[in-house]
Amino acid sequence: MTIEERQDQIIEDFELFDDWMDKYEYIIQLGKDLPLIDEKYKTDENLIKGCQSKVWLHADYENGKLIFTADSDAIITKGLVSMVVQVLSGHTPQEIAEANIYFINEIGLQNHLSPTRSNGLLSMLKQIKLYALAYQTQAFNPS
Amino acid sequence: MPANFIFETSAQLDIQKIRADFPLLATQVYGKPLVYLDNAATTQKPELVLRAIQDYYTQYNSNVHRGVHYLSQVATTAYEDARTKVAAFINAKHTHEVIFTRGTTDGINLVANCFGRKFLKAGDSILISAIEHHSNIVPWQMICEERGATLKVIPVNEKGELILEELDELLDDTVKLVAVTYISNTLGTINPVKEIITRAHQQDIPVLVDAAQAAPHLPLDVQELDVDFLAFSSHKMYGPTGIGALYGKEAWLNQLPPYQGGGDMIKSVSFKKTTYNELPFKFEAGTPSIAEGIAFGAAIDYLQILGIPNIQEAESQLYAYAVDALQTIDELRFIGEAKHRAASISFLVGDAHPFDVGEILDKQGIAVRTGHHCTEPIMQYFNIPGTVRASIAIYNTTEEIDKLVAGIKKAVTLLS
C-alpha cells in the first residue's frame with residue numbers, strides 16, 4: 001500500500017465514528033497493536049524531544065526501505081505513534097522524505113489533541129523525515 | 001471610580017450564588033458544561049474583579065505616583081488602597097511591608113537575589129523542603145551557585161509529610177534562610193509552617209513562606225506566624241495574572257539592597273549617586289501593573305466578603321467529599337496522603353499515564369492538571385512520571401466531583 005492509500009484508509013476508518021470517545025477508543029486500540037520497539041532501543045538517544053510523554057522511535061534500514069518501530073509510556077500517544085508508523089514504515093527514504101502527510105488534519109486530530117500532544121506528533125513526523133533524509137544521503141554517499 | 005464594598009460575612013456560603021459571580025463557569029467545552037478543577041494553576045475571576053479592570057481603563061487610566069493631575073491621583077489612591085487591602089488581608093503591621101510583585105515566583109526571586117547578595121557567602125546554605133514548587137527551588141539554586149552556598153532539603157515521607165524530626169539537625173550554623181511552602185501544589189500537604197518558623201527562629205534563622213496555594217484557602221496572619229517573608233499570587237486568589245505580593249518584615253526589607261533599578265525605586269538620581277526610595281517603593285522599579293494591582297484589591301474584597309474562614313470550612317468539606325468519592329475507584333491511588341491536606345488532590349489510575357487520563361477527562365469537559373506540576377523532585381521521590389491533579393476552589397460543587405469520578409471511571413474502561 002502506498003503512503004497515500006494507507007492515509008486514506010485511516011481517514012475512512014475514522015469516518016465510522018461519530019463520537020470522539022469512540023475515536024479515542026480506536027486510537028487506544030491502535031496503541032495496543034503497535035509493533036513494539038526492541039527494549040535495547042529504548043534509549044535517551046531515541047527519545048523524541050517535544051513530547052511530554054515519552055516516545056521512543058527506532059529506524060532500521062532493510063532492502064532499501066525504512067522500518068520504524070516505536071513505543072510510548074502513554075497509550076493515547078502510542079496510538080498516534082502507531083498511525084504514523086503504519087503510514088510511513090516500509091517505504092523508501094525518498095518516498096518518506098517526499099510524503100505529504102494529510103491524514104492528521106483530515107481526521108480532525110489536530111483540533112482535538114491538546115497542543116502538547118499535537119506538537120509531539122509534529123516532532124515525531126519531523127524525526128521520521130530526518131531519518132529518511134539521513135538515509136537518502138547515505139544512499140548517495142555509501143561509506 | 002473604584003467602588004467600595006461593604007463587608008458582609010455569612011456563616012454559610014451559597015455556592016450556586018457564588019458560581020453566578022464567575023461568568024466563565026457557565027461556559028461549555030466540547031458541548032459539555034465545564035467542570036473546572038485546575039484551580040491550583042489559576043482560578044477563574046468574579047465580576048467584581050473583571051469590573052475593576054474595566055473601570056480602571058475606562059474611567060481613570062493614568063500612571064501612578066507621578067502625576068499631579070486628577071486622574072493620576074485617583075489611580076494612585078486606588079492602587080495604594082489595594083496595597084492596604086493586601087496588608088489587612090495578611091494582617092501586616094505596616095502597609096509598606098507589602099511589595100507588589102509579578103507573582104509568587106517574582107517575590108521569591110526578589111528575596112533570593114536581595115537577601116542572597118547581602119547575606120550569603122561561601123559555605124552558607126539555604127534550607128528548603130522536598131515538596132517545593134520549582135519556583136521555590138531554582139531561585140535558591142541560582143543564588144547559591146553564585147555565592148558558593150549550598151541548598152539543603154528537609155526530607156519527606158511516603159505520605160507526603162515533611163520529616164520534622166530531622167529539622168533541628170538540619171538547622172545548623174550554615175543555614176542563612178529557610179524557604180518552605182505552606183500548602184504543596186502537588187500533594188495538597190499543609191506544612192506546619194508555624195512550627196518550622198518557631199524552630200528556625202530559635203537559631204535566629206529567618207523564614208520565607210511560599211503562600212501561593214495557601215492564600216485563597218487559609219487565613220494568613222503574618223504577625224501570628226511571625227514569618228519573615230511571605231509570597232503569594234493574585235491569580236490563584238480570583239484576581240488577575242501578573243500581580244502578586246511579597247510581605248517582608250520592615251526590619252528585613254530595610255536591610256536588603258534594591259533588586260531592580262529605575263522608576264519608583266529611586267529618591268534622586270545623579271550620575272554620581274542614586275538615593276533609593278523608601279519602602280515599599282524601593283523594590284518596585286518601573287511602572288507597575290496598575291489595573292492588575294487595583295483588581296487584586298477587588299479580589300481581596302471578594303475573599304473578605306465571602307470570609308476566609310467560611311471558604312476554609314466549605315472547601316474542607318468538599319475536599320473530604322472528593323477524597324471519599326475518589327476512593328470508590330478501585331484502580332485509583334492517591335499520591336500524597338498527608339494528614340493535613342487542602343485544595344489539591346493528586347492521584348494515578350492503574351497503570352495509565354496521567355496524560356491519558358487527563359485527555360479523556362478533558363473530552364468530557366473536565367479540566368484537571370496532569371504532569372509533574374513543576375515539582376519534579378517530588379515526582380522523582382515517588383518514582384512516577386507525574387500525577388493527575390484535581391484542585392478545588394470555592395465555586396466547585398459535589399456534583400462536579402461526581403462528574404470527575406464518573407469521568408475517571410470512563411477513563412479506566414477505555415484505558416484498561
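## A strand pairing in chain B and what surrounds it

In this predicted model, let's start with one pair of residues: F100(B) has A245(B) in β10(B) as its bridge partner. That bridge belongs to an antiparallel pairing of β4(B) with strand β10 (residues 244-248) of chain B, which runs over 4 bridges. As a reminder, strands of a sheet pair through backbone hydrogen bonds, either parallel or antiparallel.

Is S234(B) buried or exposed? With a relative accessibility of 0%, S234(B) counts as buried. Leaving aside residues up to four places away in sequence, S234(B) touches G239(B), P240(B), I243(B), G244(B) and F296(B). Y238(B) is buried too, at a relative accessible area of 0%. The backbone of Y238(B) is worth a look as well: its phi is near 75°, a positive value in a residue other than glycine.

That leads to a few other backbone details. Most residues other than glycine have a negative phi, and most peptide bonds are trans. D204(B) is another residue with a positive phi, near 60°. You'll find D204(B) in the loop between α7 (193-202) and β8 (207-210) of chain B, and at 71% relative accessibility it counts as exposed. As for peptide bonds, the one from L279(B) to P280(B) is cis, with omega near -5°. P280(B) is in the loop between β12 (274-276) and α10 (290-306) of chain B.

Another proline, P139(B), is found in helix α5 (residues 138-147) of chain B. P139(B) counts as buried because its relative accessibility is 5%, and buried means under 20%. Not counting residues up to four places away in sequence, P139(B) touches I108(B), N109(B), A112(B) and H134(B). From P139(B) to A367(B) there are 228 residues in sequence, and 30 Å in space from C-alpha to C-alpha.

Here are the accessibility values for the single residues discussed so far.

| Residue | Relative accessibility | Class |
|---|---|---|
| S234(B) | 0% | buried |
| Y238(B) | 0% | buried |
| P139(B) | 5% | buried |
| D204(B) | 71% | exposed |

Next, the domains. The assignment for chain B gives domain 1 (15-46 + 307-411) and domain 2 (53-304). Taken over C-alpha atoms, the centres of domain 1 of chain B and domain 2 of chain B are 27 Å apart. To the contact, domain 1 of chain B gives 42 residues and domain 2 of chain B gives 36 residues.

Over to strand β17 (residues 387-391) of chain B. Why is this strand described as largely enclosed by the rest of the structure? Because 5 of its 5 residues are buried. Both faces of β17(B) are covered, with T387(B), R389(B) and S391(B) on one side and V388(B) and A390(B) on the other. β17(B) pairs in the antiparallel sense with strand β14 (residues 344-349) of chain B, over 4 bridges. In that pairing, I345(B) has A390(B) as its bridge partner in β17(B). Strand β16 (residues 369-371) of chain B also runs antiparallel to β17(B), joined to it by 3 bridges. Here, T387(B) in β17(B) stands opposite G371(B).

Last stop: a meeting of two helices from the two chains. The axes of helix α3 (residues 75-88) of chain A and helix α12 (residues 354-362) of chain B come within 7 Å and cross at roughly 90°. α3(A) and α12(B) are therefore roughly perpendicular to each other. I75(A), I76(A) and T77(A) of α3(A) meet D356(B), E359(B) and I360(B) of α12(B). By class, that makes 3 nonpolar, 1 polar and 2 charged residues in the contact of α3(A) with α12(B).

Conventions: Residues numbered from 1 in each chain as written. Chains lettered and ligands numbered in written order. Predicted model: local features only at pLDDT ≥ 70, side-chain atom pairs only at ≥ 80, totals over all residues. Heavy atoms only, no water. Axes fitted to C-alpha atoms, helices over the stretch in contact; angles between N-to-C directions. Parallel < 35°, antiparallel > 145°, perpendicular 65-115°, else oblique. Contact = heavy atoms within 4.5 Å. Nonpolar A, V, L, I, M, F, W, Y, C, P; charged D, E, K, R; others polar. Pairing = 2+ DSSP bridges. Buried < 20%, exposed > 50% of the residue type's maximum accessible area, 1.4 Å probe, protein only. Domains from an automatic or database assignment.
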